[in-house]
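Here are my notes on the aromatic contacts, for you to check against the coordinates.

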Amino acid sequence: MKLIYSTVVRTPKIKPLICFTIISMVLVTIASQLEIFALGVITKGDSVVHTAKSGNFIDTVISQLSEVMPVTKSLFNLAIFLVFVALFKATTLFLFRFNTKKIAILVSKDLRLRFFEHIQTLPMSFYQKHNIGSLSSRVVNDSYVIAESINSCLVNYLQTPFTVLTTLTLCFLTSWQLSLIMFIGFPLIVFPIFFIARRIKKISREILNNQEHFLSVLIDFISGIQTVKVFSMEDFSLKKYVEQNDKLADLERRSARYDVSSRPVVHMIGMSFLATALIYGLYIQKMEISEVVFFCGLLYVFYEPIKKFAEENNRIQRGLAAAERLHEVLNQKNHQEDSKNAQTLTSFEKAIEFKDVWFKYEDQWVLKGLDLKVEKGQTVAIVGPTGAGKSTIAQLIPRLYDVNKGEITIDDTPITTLTQKSLREHIAFVPQKSFLFIDTISTNISFGKTILTEKIEAASQRAHADEFIRRLPKGYKTVLSEAGKDLSGGQQQRLTIARALVKEAPILVMDEATSSLDVVSENHIKLAIQQLKGEMTQIIIAHRLSTIEGADKIVVIDDGRKVAEGTKEELLKSCLQFQMMWQTMHQANEPVGV
Ligand code: ADP
């Protein structure tokens, strides 16, 4: 409960809304009791004024009320009174419900925002452990379930106790003997509510976890639909999907069983006590029918919110399970935060150096004591077999991961002592897999920054992208589809190179994805790299050797270690591994190290 409470109070601008909700809730409860009171007035009719002397609570109030507002004097007055009560209840109920919904919407909006803001700050290691299905299910599903439960919490934890207490007071004022019966009934009702709630919370957690797997399977197969089709894997993917779907339905069935059983159980117990109170009042206490009817009305007002509580409590338990899951992510600490006295990198003047760098993602060392120096203005290509650690090197420069041993420096300053923002501002990064989103080509290149059209076009020309962009029906204004899937691999990569160039950062790190490129695109990228030579410091992870011919230095990596370095000519003479890679590429025209 604490989690839900802290989630609500942390939401900005929520306090006035909560106050307003409490006021409207008090008014709803008064309206409900006015309804019962109206019932009492009807059953008493004209006799009330004369029996007022009996000292009974309802009689006393009705007789006093009739002095101020003569509702009991005529049927017309009574009708007006009833309409007034109905209107009052409808208005206050609307206000109360609307406010609780507004609170839930605000909280859910804030949770989604906090979640996204937070996960953006978390390091890449966090994304190793959480897949897209897991994260999207938490942000979409869990925040909705929490909001729903907040709605129920407001109704139940505010309105129910208030209604129960005020009704109980009225009951005691009417007949303390009958009220005692209600007291006995109360724990008998509460026990099943809490028993059922505990089961629901457990199942809800299982359901939410299962929804996560379900979504992951769905995302996996939709994103790999091309492979699914080519391999005729439809039956296999359907089987996996059905497995998850069945599991989900099974859990939902179990949850529904508890869900629907709470209200009937509470209803049965409540009604038993109502009947007992009726019999006791009429035959043992010898109360008047009108009094017993009034009392039963109060009993109804008393039990109804409890019955609703039982039902809504299930929703609350689901919210609690979701809140726990969401907070697992929100409470994740960023282990890669800037240190307090981190410096701002203002320029790049000399060199980037890897000094005895050791790195592992999980248990196995990927880089084993790597030394590497890239001087300002140099174009350095990193080559080696698949899995040697080339892409890892590229990712360590902008600090997507932190090294485990050794250090990486820029102009002799360890990058861990720099603010990550200033470090990354100096690096233009072209990842192996292009990231494009649904928006215009211009926005994809400028990445949301305000950049002059001329600059965007100039960068595209240098990335050899301008030509194909202009051929598109709307040119730079063409809206790309999801992940730029309406472009070829080569076009996608040229757009990401244009994005890197428009950044005008002094260091370009390019994790080449030449494997997906046709010869023409490959040549375009080769040209772009050559034209940038000397102007930017380039670190090119070459999965194929064709693009690195003009590099100032080639570093051969194998199994996380540097095997050799030098110019192409030097390496062809001195490094057997490089000679083999070179020959393989030229003879078989096969990709090397991909
Ligand atoms: P290369 O670019 O030379 O092909 P990588 O740097 O991509 O090699 O990978 C080096 C090693 O690190 C490989 O064994 C690979 O399986 C492992 N690896 C790469 N990325 C991850 C990751 N995100 N999580 C765990 N292991 C990884």
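1. I count 13 aromatic pairs in the structure. A pair here means rings of Phe, Tyr or Trp (its six-membered ring) with centres within 6.5 Å; planes under 30 degrees apart are stacked, over 60 edge-to-face, and the rest tilted. F94 and F98 are stacked, because their planes sit at 5 degrees, with 5.5 Å between the ring centres. Keep in mind that this is a predicted model: local features need pLDDT of at least 70 and side-chain atom pairs pLDDT 80 or more, while totals for chains, interfaces and linings use all residues. Residues are numbered from 1 along each chain as its sequence is written, and side-chain values use heavy atoms, leaving out hydrogens and water.

2. Both F94 and F98 belong to helix α5 (residues 75-121), four residues apart, or about one turn. Helices are DSSP runs (H or I, at least four residues), strands likewise (E, at least two), numbered from the N terminus. F94 is exposed at 55% relative accessibility, and F98 partly exposed at 43%. The cut-offs are under 20% relative accessible area for buried, over 50% for exposed, and partly exposed in between (1.4 Å probe, protein chains only).

3. Y361 and Y401 pair edge-to-face, 5.1 Å centre to centre with 90 degrees between planes. Y361 is in the β1 (351-360)–β2 (365-375) loop and Y401 in the α12 (390-396)–β4 (405-410) loop, so the pair ties together parts 40 residues apart in sequence. Y401 is buried at 9%, whereas Y361 is partly exposed at 31%. Ring pairs also bring F359 into a cluster with Y361 and Y401.
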